[in-house]
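I opened my notebook to look at how the parts of this protein sit together. I began with the whole chain and then went to the details.

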Amino acid sequence: MKALVYNGPRDVNVLEVPDAKIERSTDVLVKITTTNICGSDLHMYEGRTDVEKGKILGHENMGVVIEVGQAVDRIKVGDRVCLPFNIGCGFCKNCERGLTGFCLTVNPGTAGGAYGFAGMGPYSGGQAEYLRVPYGDFNCLRLPPDAEEKENDYVMLSDIFPTGYHATELAGVKAGDTVAIYGAGPVGLMAAYSARLKGASKIMVVDTHKDRLALAEKIGAIAIDNGEGTAVEQILEHTKGKGADRGCECVGYQCCDHHNHEVPNLTMNSLVSSVGATGTIGVVGVFLAKDPGAKDALAKQGQIAFDFGKFWMKGQKMATGQANVKAYNRNLRDLIAADIAKPSFIISHELPLSKAKDAYKNFDAREAGWTKVVLKP
Ligand SMILES: NC(=O)c1ccc[n+]([C@@H]2O[C@H](COP(=O)([O-])OP(=O)(O)OC[C@H]3O[C@@H](n4cnc5c(N)ncnc54)[C@H](O)[C@@H]3O)[C@@H](O)[C@H]2O)c1
Ligand SMILES: [Zn+2]
Ligand SMILES: [Zn+2]
């Protein structure tokens, strides 16, 4: 089969590799119909993580079931399914509580497994023609009859729609809240969209990329251009000096100042200042336990200089981590089916898998107009 293979920093290629196949009786084999490139893939692409050479990337996958293992009961050949980026077993202590991003079984020694991802287990990604899905009955989300017609909406259920929603859950966004979101990448835009679905009264989205900010405005958010005065000041102005009720971090450890220099503690400390007293901050942007490629000495050790005193004085709360996609994907699917949600509005490029190499290059450079790439194998 053809697949996008990692060969080293900024070196990926679509190659011929052995076909994915059923390996255990609980597996399902999926023919991929759409697979996205994610901001998380760029951490690997840029060589900032220790993903092994030869790894097939791709964790945002959707397709048609073409084979099921003998122990698979619910999922049938021909089903159109969307796969959560995290792989769960369904029976460990964390999966049982809905925390499938922290499955204790699928990646022994670590809490959490995923397709095509550094440190997330031996699983190949789905930027390929076929994908092996472990524990298929548990991990496949079946899609309704309009699956083909709304393919580009449903594929967002694999990661960024639930992840954006998770940011608002971690932040405790409720109807009427004011919400400050750092990052207008796909995740930040999905957090803004989720906050709108939840009935937030004011949603402020921070970035420097005008094309991405324009998308935030399109869904009714206020665009906060970090290049035009500090984001914190602008958010305080929009909230009568009090700060937002809730904050979402949708950038991660590679956050930059407006000169595009990495300042690893910038978004976290900006959030402490942008969110009001007793407010809540949800952090879905990725921070690494070790980042040897960082320029900053603390960041190399996975640490940031955090405004903890201000955070404490304000009595704020914070929650972090991978999105437990399965906790949300069923309900978000039903919002798409009911024409209430249409997350495909963020897609800028729909390309064949054969164009993946160039797509990585342009998306990584955050070229204007490259917001979200969907690949069709
Ligand atoms: N927790 C999870 O489960 C999960 C899932 C998917 C993605 N992620 C992570 O979420 C983050 C965002 O993903 P994405 O796909 O949107 O990535 P992206 O890189 O496309 O978007 C990040 C955006 O942040 C902006 N940015 C940089 N510095 C900023 C700053 N100081 N203030 C405001 N904005 C700033 C960039 O201009 C960019 O538009 C990444 O770290 C990704 O790995 C986490
Ligand atoms: Zn992703
Ligand atoms: Zn589990």
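My entries on domains, ligand and helix pairs follow.

**Ground rules.** I am working with a predicted model, where local features need pLDDT of at least 70, side-chain atom pairs count only at pLDDT 80 or more, and totals for chains, interfaces and linings use all residues. Residues are numbered from 1 along each chain as its sequence is written, while chains are lettered from A and ligands numbered from 1 in the order in which they are written.

**Domains.** I looked up the domain assignment, whose bounds come from an automatic or database source. Domain 1 covers 2-159 + 324-376, and domain 2 covers 164-320. Their centres, taken over C-alpha atoms, are 26 Å apart. How many residues does each domain give to the contact? I found 17 residues from domain 1 and 16 residues from domain 2. Contact here asks for C-beta atoms, placed from the backbone, within 7 Å. On the side of domain 1, helix α1 (residues 39-45) gives the most, with three residues. Helices are DSSP runs of H or I with at least four residues, strands are runs of E with at least two, and both are numbered from the N terminus. That side of domain 1 has seven nonpolar, seven polar and three charged residues. Nonpolar means Ala, Val, Leu, Ile, Met, Phe, Trp, Tyr, Cys and Pro; charged means Asp, Glu, Lys and Arg; the others, Gly among them, are polar.

**Ligand 1.** Next I checked the shell of 32 residues around ligand 1. A residue belongs if its C-beta atom, placed from the backbone, lies within 6 Å. G39, S40, G185, V187 and G252 come nearest. By class I noted 15 nonpolar, 14 polar and three charged residues in the shell.

**α5 and α6.** I then took α5 and α6, whose axes come within 7 Å and cross at roughly 60°. Axes are lines fitted to C-alpha atoms, for helices over the stretch in contact, and angles run from 0 to 180 degrees between N-to-C directions. The two helices are therefore oblique to each other. Angles under 35 degrees count as roughly parallel, over 145 as roughly antiparallel, 65 to 115 as roughly perpendicular and the rest as oblique. The contact of α5 with α6 has 10 nonpolar, four polar and no charged residues.

**α8 and α9.** Last, I looked at helix α8 (residues 231-238) and α9, which pack at about 25° with axes 9 Å apart. So α8 is roughly parallel to α9. A231, V232 and I235 of α8 meet S270, S273 and S274 of α9.

Definitions and conventions
Contact = placed C-beta atoms within 7 Å.
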